[in-house]
Amino acid sequence: CSRAPAAPAPGVILISIDTLRADHLGLHGYARDTSPRLDELARESLVFERAFTTAAWTLPAHMSMLTGLHNHQHGVIGLNAALAPGSLLLAERLQAAGWQTIGLYNKSPIRPEHGFGRGFDVFRSHLGARQAGEHLAELLPKLDRRRPFFLFLHLFDIHNGPLDEAPGPIYDCPPPYDERYLAGARSRLPQVSERELFKGDEIDAAAAEALTALYDGGIRHVDDTLAGWFEDWNARELLDGTLLIVTADHGEALGQRGFAHGHGAPYLEGLRVPLILHHPAGLRAGERETAPVQITDLVPTILDFAGLPRDPRLPGVSLLGSLPAERPLLLLEPRHYDVLIDWPLKRTHLLHGGEDHWFTHDLAADPAELAPLVLDPAEFTRLRDVARERFGLGHPRPVRAQ
C-alpha cells in the first residue's frame, strides 16, 4: 500500500534588508520600479502600512528585532555592549524547541560579540548578497524538512558603505544598477570619501538626486536577487508550510532635509520600515493593515506561528491575531532622540548641536513632517516614562562585548 508523503515541518524565514526605506518600494506607492518582486510578494501577503523600528541604526534595531525587547530593555545601544545571558534571542527559544536555526548576516554591527549568534546552529557572515546566495545554496539542501527550521537572512547591500578612507560612492551598488535610474550618478557626488559625505552637514539638490538614484539602484539589485532566491525556494518546496517575513531595521536620510548624514532619524524616513508577512495558509493575503506595529512584534508573531507559549515579559503582540487600533510605540536612542508614536501624533525629543528640542507632528495632517507643533517637555517626559514602565523595565542589564 502506498502512503502519501508527510507534509513538511513548519519553517520561518525572516529577511531583514538593512536600511530599506518603506516609501522607496512600489508596494508603498514609489514611482520607480525598484521592487517588482517584493511588490508581487506583497500582493499575496499581509502588508503593514505603519510599521516602525526601535532605533534608526543597525545594532539596537536588530537586537530588538531578534529579542522582541525595546532598546531600554535589552540595553544593547552601543558597540561595547552585548546582550545579557538572562535575555533570550528568538533563535535560542526556537532551538530549545527542536528547531534547526541558521543565521546569515553581513558583518556590520551584527556580530557574535554582541550576542547575536546565540541559539544558531549555523551563524555565518557574508560580504554581500552574492556570497549570501552561495551560503544559501550550500546550507539549505542540508535542512531536514521533517524538522522545523528558522532562517534569519540579513542583507546589507543597500546600506551606505564601505565607508573606507578612499573616495568612492556612498552607495556602491554594482553595474548596471548604478546607472539604472540616473546616468553618471557617481560623478555628481562630492569627491570626498564615503565617510566624509555620510557625516557631512549639507548636500545640494544635484547630489541628493544622485544619492537617491544610487540608493534606488541598490534596492533593485537586492529585489532581483530575492527574485532568484524565491524562485529557487519555490522549486525546492522550501516555502511550503513556511512563514516568510520581509522587513528592515531602519530607513535612510537621502538628503531629504538638506543633509546626507545619518539614517533619517528622528523622522519617518528613518523610523518607518516595510513589513511584509506571507503566511503559508494565506492568512489575510492581499490585505493592508493600518494599525501601528513595531519590529518588537516579530518575536511574538513567530512564537505564535511556531505554537510556542507567549512570553509575558515581551512588550509586543502577535501580528497573526487582532491588533489594538491604539497602541503607543516607543523609540529610544538616548544619545540622540526619544520618540513616542501614539498615532497619528508623533512626539519627539531631539538632542542636536548640544541643544534639546521638543516637537510634535500630526502624521495624518502632516505626513512629510514639515509643520512641527509645540510640545511641552514635561508632558513628553511624563508620557515617555509611562510608556517605559508599561513596556517593562525589569530586564537584565547588558554585559560588555567581548
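Visitor: In which sense do strand 8 and strand 9 pair?
Guide: This is a predicted model, in which local features need pLDDT of at least 70 and side-chain atom pairs count only at pLDDT 80 or more, while totals for chains, interfaces and linings use all residues. Residues are numbered from 1 along each chain as its sequence is written, and side-chain values use heavy atoms, with hydrogens and water left out. Strands are DSSP runs of E with at least two residues, numbered from the N terminus, and two of them pair if DSSP finds at least two bridges between them. Strand 9 covers residues 275-278, and its 4 bridges to strand 8 are antiparallel.

Visitor: Which residue of strand 9 stands opposite Ile245?
Guide: Ile245 points from strand 8 to one side, along with Leu243 and Thr247. Its opposite in strand 9 is Leu277.

Visitor: Which residue of strand 8 is the bridge partner of Ile13?
Guide: Strand 1 (residues 11-17) runs parallel to strand 8, joined by 6 bridges. In strand 8, Ile13 has as its bridge partner Leu244.

Visitor: How many residues of strand 8 are buried?
Guide: Buried means under 20% relative accessible area with a 1.4 Å probe, protein chains only. Thr242, Leu244 and Val246 point one way, Leu243, Ile245 and Thr247 the other, and all are buried. Strand 8 (residues 242-247) is therefore largely enclosed by the rest of the structure, its buried count being 6 of the 6.

Visitor: What percentage of the residues in the chain is buried?
Guide: The chain holds 11 helices (DSSP runs of H or I, at least four residues) and 17 strands. Of its 402 residues, the buried share is 57%.

Key:
Buried means under 20% relative accessible area, exposed over 50%, partly exposed in between (1.4 Å probe, protein chains only).
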